[in-house]
Number of protein chains: 2
Amino acid sequence: MSRLTAEKNAQDMSQARAKTSIDVARVRNFLYIKQEEWEAHQKLVWTLSTDPVFDKSRRPFMSRTERYTRAVGMANRIYELKETHKWSDAEAARAIQLVDEPIPMNLHAMAFEPVITSQGSPELLQKYRELIRYRGILGCYLQTELGHGTNVAALETTATYLPESKEFEIHSPTLSSTKWWIGALGKTATHGVVQAKLILPSGEDVGPHLFFVQLRSLEDHRVLSGITIGDIGPKAMHGFPGTDNGFARFDHIRIPRENMLSKFAQVTEDGRYVKPPHAKLSYGGMMYIRSSMVSGGGWNVAKGATVAIRYATVRRQGGKGPDGLEHQVISYPSVHYRLIPMLSRAYVFILLGRNLSSAFSHMSSRLASGDTSLLAEMHATTSGLKVLVTTAAIQDLETARRSMGGHGFSEFAGVGRMYANYVPSATFEGDNFVLDQQVVRAALKAYHRLVTSGPADMTPSTHFLRLLLEDTSNIGGASQLAWEDPQTSIRILELRAALVVKHCALYQDGPDASMDQRVSKAVTEAFVAVQVGKIITSLRETFGPRESDVLTKLYLLYLLTTVENGLVDVLSFRLLPQSTASSASRSDDSTRTLRVAIKQLCQEILPEAIGLTDAFGFSDWELDSALGVFDGRVYEALYARAQTEPLNGTEVPEAYEADIKPMLQRGQKLAEASKCKL
Amino acid sequence: MSRLTAEKNAQDMSQARAKTSIDVARVRNFLYIKQEEWEAHQKLVWTLSTDPVFDKSRRPFMSRTERYTRAVGMANRIYELKETHKWSDAEAARAIQLVDEPIPMNLHAMAFEPVITSQGSPELLQKYRELIRYRGILGCYLQTELGHGTNVAALETTATYLPESKEFEIHSPTLSSTKWWIGALGKTATHGVVQAKLILPSGEDVGPHLFFVQLRSLEDHRVLSGITIGDIGPKAMHGFPGTDNGFARFDHIRIPRENMLSKFAQVTEDGRYVKPPHAKLSYGGMMYIRSSMVSGGGWNVAKGATVAIRYATVRRQGGKGPDGLEHQVISYPSVHYRLIPMLSRAYVFILLGRNLSSAFSHMSSRLASGDTSLLAEMHATTSGLKVLVTTAAIQDLETARRSMGGHGFSEFAGVGRMYANYVPSATFEGDNFVLDQQVVRAALKAYHRLVTSGPADMTPSTHFLRLLLEDTSNIGGASQLAWEDPQTSIRILELRAALVVKHCALYQDGPDASMDQRVSKAVTEAFVAVQVGKIITSLRETFGPRESDVLTKLYLLYLLTTVENGLVDVLSFRLLPQSTASSASRSDDSTRTLRVAIKQLCQEILPEAIGLTDAFGFSDWELDSALGVFDGRVYEALYARAQTEPLNGTEVPEAYEADIKPMLQRGQKLAEASKCKL
């Protein structure tokens, strides 16, 4: 009889899949750029998922030490496979992403190698480039300290130049200068790049610079003398268990002069400081990481949305339909209203990130030839997008988890694990609340430029400010019909950003406490809206009418829900047409046409929801979720996974003799005594 | 030198403490009701925190099996201490709350015992009451199934009455009917109360009823024949690790007729069904749990706020002040704007919950004498408050965690643990999205009553509807000054609720997808606002002018931030006075006076923040947070805790020989080969 439940689940899923009208493979190739990329991706997934090293079945029951051991094992195996299969560096990087768990080697590839390659002196590169490239040494990037993170200028670790021996002395002068949170430092890395204040022989502090420091012996992996290293302990909500985020203290550690990363700034043999040609030349690394977080956020939302939409498709609750069965949960507006817009965000962020990566490459090549003109714009854009995408994606993962009701709280649902691994992105690589200030600063600068010099030099990220010079009285979505035009939302979002920035500039003497967050959000949302408008325009060229129609609705939904989420600004600046009636007609809600338009769009996209999630191309191994299984047999999967819980290894738990039995016996005795008294 | 950091931390904390102008002990006694309660609480804390069974230092490193074993050990110890110290049941219950971890025995006390006591037949009580009371048997409450939870009517487990043997047969007919999520069922409970559809000999299904079923042998704790029991596995984000949430399947299990909880509904010996006198008489249990979640949410927010505010007080970042030191993080408006309103919510929820408990007792005594008149109102109020409080408290815990930047993601910060244990409250005891519908239903009913019969029978929870009959043109907070009067916010929130309900009634044929959530929120916030108004009025009677002044500001801040969070409704119904200028003056933001008022209030409360958190009376043992230590020595605490991480037990990790060394050697060989090629 149990089979009945599972068959019904499977039937619901295949019927939903059959309802899809779009060509899923075509949309999937669009998300993976092209068919060849998708096939290469599939090959990697097959290689990893059939290799026992990457098996996930025992993962939920492992201790942190076991998770760390497993993570390092996966890293070693990936590099072994890289040799066997002649994978490119990009393929190996993709494999590391695919293991669905932050592993120590991430940092070697994402931070250690790029920063040395781009900023190391020719001597240093000559000596170490190949070793780093092939992981003959394993690296980490030591920036954050116990007392400071995002504010690099306040770091306390010192690197004092000693002209007599032509060495730097790396030192941790205080408890709070202890390097902390450093990925792969705790147990794995043999070398590191240390951010430290450069102190000249004169005693002058010329601010933070980077130094290449050996941490562990290449003979036996023991920590070098004078350095104290350890793992900082478990992370909240069991996130990042496989990564050995570590701490390090340096007690007057000497390194040779060439170990300073001195492509830009230098210290001469006799201890004079040579300034870099441009103060921000070393910003590239952080921007690169931030820009990669945009697509990354999109794929995370995609995973959460896929699991939640699949489960809501086979889960039946509440009132019964004409077929005598309870309704599929996804059919309830209060459910799909939470999930379909999430799908639209995944589609937007994935494409946005791809465009940003191209823009970043373009900037990097200009930068390599000394042209820093694109740097400020890229800095503002990546900061704003990092905040926007991570904030939204974190919230979406939790919304997805909660949409699954009670079972969403099972580890086997998988979305809690995704959340725990993703949530620190709000505070790392620049705390979102601090990054907001960068966006505000750039926007205010652009505003003042506009006011003083006119609209000549407007950059894409603040192009919306032009509206302050135009007649905008015709902007606003009044009727149901107006919301069907993407330009309605785009213009509202642009004008809202312009007004918020202007308002911020006017009240600069004392803005209210949440001003930076609102400005940053408005500015970035306007920028994204324009990009989404361009994506919509290009859809007809890429697709047949059916896919183009569905995806247009999906991207339009992104715009409408962005307006909805920004309604406080939109209403307070009166960007929706007001009813002409007096305040007596207070029950006339001016936001209703927008909300109804969103509801209708969700319902139109609904039959395509399973197809749109299938287009992400996730295998069951990638999702590792009992509620997100491709075939829909969710209860069977959940039941099967519960049987693997170690507590179920014995019928009577260990705790019985020690504590349950004494508790029962005491209780029986007390009950007996109490009854006698009665 | 390390000591310097710690001394500075400690100094910052004691200076902040010295700045407090309120009498902390007096405010603390107010939160604990009275001095005697506080002293009793302190005694309990001392007893537990000095007992090694309740030591928390190894907790972050334990496996789930170890966490379960520890949890049962704590339960056994608490009942041992109860006998030793002659604790009352209430004191034992408080001790269970104090261990800062959901433990299996929670469910025996919160669900199993109350439901049997209130609904069991005299025969059943005669046989089991004392055993239950003294835990001579250990119980669980089996409601949720794999396929259904909140919607009790759809549960599939059956209890078929067999007149020939005068027994019920409990059976799980499908996979999806497997009982699931049941706290203490997996490994601990010997008995359970099973929700099952009662099937009469005629075949008639008369819906869900409760049955008392033995699950495990009292001899050796083995599972009884015909029953399959196990633990459902780990929970998301490592929440509830000590609780053995379990599953159970019943294969035609026979129980005697008197095991039906038959105080209200009954089945006669020959199999006739006797209806309960009132359909909702059995609702009490769920309402009791929900009402207890209001104060519970408040204390959870209090913990998160205490940790975050303490850390923000000693953490220094960013620009330097006149003393040459960086600013305390708490001094930034973007930080305290997130934390001070959180403090206000803690103070509101704690008091609100206390009032609700009194109201609940009142209703229960009326109910016991057959008076069901208060039931519907209590059901709507507890549903709405459960949603409001859990939603806000979950968000506050995450906001608190994120306000701490990178370190907030350390397990040792403690707030991630609080979040993981608290977050399921959004989906258990009634999924918040489902409960919203209950609130909407009650509000619409009241609206139609008002429209048809006038304002005669208005209940407190929908009293705001009276405004639909009044002239409300004078409502609205225009000036800075107006916001100082609590009535400004209260009237706005009441009118907003009235208009949202009216709007919902008018569009009932097709409300937009988020309507239920907005209505429920508006309705409950109006109810709470009125209560907060009453609390403010009573403060002058309870306190001296200083405390009364500070607490008035804190409760006023709750009202103002509630209006701020509801601005979309408030603006769309035009409840803030509009500028008389035309739409040309779009840069005139009508919400600014409100925001500035909030900012000012936060700044006025700021010097009292440490005092207001101290008034919660948490010991370091209770908070178990390196960043929330009373003395402010946060970096010392974090450093010390990191040293206890098991990975730090060996200098070279186990993974070295197996994977790190091979990876390094392969890399060195490849680098060598590559260099030769060059």
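In this predicted model, A:Glu169 and A:Arg254 form a salt bridge in which the closest N and O atoms are 3.2 Å apart. A:Glu169 belongs to strand E3 (residues 167-171) of chain A and A:Arg254 to strand E9 (residues 253-256) of chain A, so the pair ties together parts that are 85 residues apart in sequence. A:Glu169 has a relative accessible area of 16%, which is under the 20% limit, and so it counts as buried. A:Arg254, at 45% relative accessibility, counts as partly exposed. Over all chains, the count of salt bridges comes to 96.

Another salt bridge of chain A joins the side chains of A:Asp549 and A:Arg546, at 3.1 Å from N to O. Here both residues sit in helix H15 (residues 545-565) of chain A, 3 residues apart, which is about one turn of the helix. A:Asp549 is partly exposed, with a relative accessible area of 26%, and A:Arg546 is partly exposed as well, at 35%.

In chain B, B:Arg546 forms a salt bridge with B:Glu608, with 3.1 Å between the closest N and O atoms. B:Arg546 lies in helix H15 (residues 545-565) of chain B, while B:Glu608 lies in the loop between helix H17 (592-605) and helix H18 (609-614) of chain B, so this pair ties together parts 62 residues apart in sequence. B:Arg546 is partly exposed, with a relative accessible area of 36%, whereas B:Glu608 counts as buried at 3%.

Salt bridges can also link up into a network. One such network in chain A includes A:Lys56, A:Arg59, A:Asp100, A:Glu101, A:Lys303 and A:Asp624. Among its other members are A:Arg67, A:Arg70, A:Arg417 and A:Arg641.

Turning to where the chains meet, 159 residues of chain B are in contact with 160 residues of chain A. The size of an interface is often given as the accessible area lost when the parts come together. Between chain B and chain A, the buried area is about 13900 Å², and carbon and sulfur atoms give 59% of that area. The count of salt bridges between chain B and chain A is 6. On the side of chain B that touches chain A, helix H21 (residues 655-677) of chain B gives the most, with 15 residues. Sorted by class, this side of chain B has 67 nonpolar, 52 polar and 40 charged residues.

B:Asp231 is found in strand E7 (residues 227-231) of chain B and is buried, with a relative accessible area of 0%. The side chain of B:Asp231 makes a polar contact with the side chain of B:Arg64 at 2.8 Å, and the side chain of B:Asp231 also reaches the backbone nitrogen of B:Gly233 at 2.7 Å. Leaving aside neighbours within four places in sequence, the contacts of B:Asp231 include A:Ala642, A:Glu645, A:Leu647 and A:Asn648 from chain A, and B:Gly186, B:Thr243 and B:Phe247 from chain B.

B:Thr427 lies in the loop between helix H11 (415-422) and helix H12 (432-453) of chain B. At 7% relative accessibility, B:Thr427 counts as buried. Not counting residues up to four places away in sequence, B:Thr427 touches A:Arg402, A:Gly405 and A:Gly406 of chain A, along with B:Lys386 of chain B.

Within chain A, A:Ala637 is part of helix H20 (residues 634-642) and counts as buried at 17% relative accessibility. With residues up to four places away in sequence left out, A:Ala637 touches A:Ala626 and A:Val629. A:Ala637 and A:Asp614 are 23 residues apart in sequence and 19 Å apart in space, C-alpha to C-alpha.

Finally, an unreviewed UniProt entry places the feature "domain: Acyl-coenzyme A oxidase N-terminal" at residues 24-132 of chain A. In the model, this span is 74% helix and 0% strand, and its end C-alpha atoms lie 41 Å apart.

Terms used:
Residues are numbered from 1 along each chain as its sequence is written. Chains are lettered from A and ligands numbered from 1 in the order in which they are written. This is a predicted model: local features need pLDDT of at least 70, side-chain atom pairs count only at pLDDT 80 or more; totals for chains, interfaces and linings use all residues. Side-chain values use heavy atoms; hydrogens and water are left out. Contact means heavy atoms within 4.5 Å. Buried area is the accessible area (1.4 Å probe) that two parts lose on being put together, summed over both. A salt bridge is a side-chain nitrogen of Lys or Arg within 4 Å of a carboxyl oxygen of Asp or Glu. Helices (H or I, at least four residues) and strands (E, at least two) are DSSP runs, numbered from the N terminus. Ala, Val, Leu, Ile, Met, Phe, Trp, Tyr, Cys and Pro count as nonpolar, Asp, Glu, Lys and Arg as charged, and the others, Gly among them, as polar. UniProt positions are given in the numbering used here, feature names are shortened, and annotations may be inferred rather than shown by experiment. Buried means under 20% relative accessible area, exposed over 50%, partly exposed in between (1.4 Å probe, protein chains only). A polar contact is a pair of N or O atoms within 3.5 Å; within protein, one must be able to donate a hydrogen and the other to accept it, and residues adjacent in sequence count only if both atoms are side-chain atoms.
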